[in-house]
Amino acid sequence: MHGGVIFRLVVIPCLWGLLGSTSVAARSEEDLPVIRLIEGLAAESCSARWLALGKYWGSAGDRLRPLQQKVQTADEPMRARLLLLIEHRKEEEKSVSRLEALANELLRVAKMWGARRRTAEADRIRRRVLDIVNDPKEPFIGRLAACNFIVVMATEFAPGVAASWTAEVPRLLESGDSQVRLVGGVVAAGGRLVKGQEPEKGVVIPVLIEGLRGQSFAERHQSQRALFLVARVDAEQLCVDPTDPPAKRTDGVRGWEEWWAENKGKLSREKIPSHY
């Protein structure tokens, strides 16, 4: 999911809220966040555009439908930005739905009689989730959501049957798949590893900077959010707009690379603290 989806806890029932009938007045109120988003994305300042994205994703209600409506009348530059967000939101919702089903399945396993049977069934679910993380055909946000699922299950939701799952997460940073490494980096930057697993910033920050070049909005967005957490800088200082086309992102990525060249000597060995 952060990691901040990044990503809200995937096990809360009706994660995106119940989508019932909506009054005209409520619909008018629902349109305000997307109007403000579009105004923000039109700003010259990268930091203003980043702030607009954060406010939109953090607002309540259905965040897909308003985007789908506004994209129909947007000019071409704004249309390209909104299409990125629409694709991201669809992938996110699909990932959440799938993982909620697995969470319910794990709950049933936790109530089973017989420790051997519980362990075997929980391990089957663990393998299914890891398959999502490691599948290169999966969108990045789905792979990240699956990793967040592992952490939440092991530490908060079902530690009785999933406590050992956290051993898988630090290994992601050693993967030969750049997206899997980025999943591990984003989760680590958010303090989602357990005590004793905390990686050094010298391992995580280069992975996150490379993620700013990712092909998907989710890779770039999650990388920047994670960098702000672990580097303790903000968008006024360094910024890459994940909705920008590649040529416009170049200077922002270079800024992060120069910042790391200046700071890695004092930060490389520093551990990223864990929340667990």
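## Labels and their cut-offs

Of the 276 residues of the protein chain, 51% count as buried. Buried means a relative accessible area under 20%, exposed means over 50%, and partly exposed lies in between, with a 1.4 Å probe and protein chains only. This is a predicted model in which local features need pLDDT of at least 70 and side-chain atom pairs count only at pLDDT 80 or more, while totals for chains, interfaces and linings use all residues. Residues are numbered from 1 along each chain as its sequence is written, and side-chain values use heavy atoms, with hydrogens and water left out.

Q: What is the mean pLDDT of the protein chain?
A: The mean is 87, and 89% of the residues reach 70 or more. pLDDT is the predictor's confidence in each residue, from 0 to 100. Over residues 1-27 pLDDT stays under 50.

Q: How many helices and strands does the protein chain have?
A: There are eleven helices and zero strands. Both are DSSP runs numbered from the N terminus: a helix is H or I with at least four residues, a strand is E with at least two.

Q: Why is the link between Cys46 and Cys239 called a disulfide?
A: A disulfide is a pair of cysteine sulfur atoms within 2.5 Å. The sulfur atoms of Cys46 and Cys239 are 2.0 Å apart, and the two residues form a disulfide. A search of the whole structure finds one disulfide.

Q: Why is the disulfide of Cys46 and Cys239 called left-handed?
A: The torsion about its S-S bond is about -75°, so the disulfide is left-handed. The pair links distant parts of the chain, with Cys46 in helix α2 (residues 46-58) and Cys239 in the loop between α10 (217-231) and α11 (246-267), 193 residues apart. Both Cys46 and Cys239 are buried.

Q: Why is the pair of Trp256 and Trp259 called edge-to-face?
A: Rings of Phe, Tyr and Trp (its six-membered ring) pair if their centres lie within 6.5 Å; planes under 30 degrees apart count as stacked, over 60 as edge-to-face and the rest as tilted. The centres of Trp256 and Trp259 are 5.6 Å apart and the planes stand at 80°, so the pair is edge-to-face. The structure holds seven aromatic pairs. Ring pairs link Trp50, Phe228, Trp256, Trp259 and Trp260 into a cluster.

Q: How many residues apart are Trp256 and Trp259 in helix α11?
A: They are three residues apart, and are therefore separated by about one helical turn. An α-helix has 3.6 residues a turn, so residues three or four places apart point the same way.

Q: Are Trp256 and Trp259 buried or exposed?
A: Trp256 has a relative accessible area of 0%, so Trp256 is buried. For Trp259 the value is 13%, and therefore Trp259 is buried too.

Q: What makes a group of residues a nonpolar core?
A: A nonpolar core is a set of buried Ala, Val, Leu, Ile, Met, Phe, Trp, Tyr and Cys residues joined through side-chain atoms within 4.5 Å. The largest such core has 64 residues, of which Leu106, Trp165, Leu208, Trp256 and Trp259 touch the most other members. Helix α6 (residues 140-157) gives the most to this core, with twelve residues. Apart from it lies another core, of 15 residues, among them Val34, Leu41, Ala52 and Leu82.

Q: Why does Val169 count as buried?
A: Its relative accessible area is 3%, so Val169 is buried. Val169 lies in the loop between α7 (159-162) and α8. Contact means heavy atoms within 4.5 Å. Leaving aside neighbours within four places in sequence, Val169 is in contact with Cys147, Ile150, Val151, Val187 and Leu193. Cys147 has a relative accessible area of 1% and is therefore buried.

Q: What makes Leu182 a buried residue?
A: At a relative accessible area of 2%, Leu182 is buried. Leu182 is found in helix α8. Not counting residues up to four places away in sequence, Leu182 touches Phe140, Val207, Leu208, Gly211, Glu219 and Ser223.

Q: Why does Arg232 count as exposed?
A: Its relative accessibility is 64%, so Arg232 counts as exposed. Arg232 is found in the loop between α10 and α11. Phi of Arg232 is near 60°, a positive value in a residue other than glycine. Most residues other than glycine have a negative phi.
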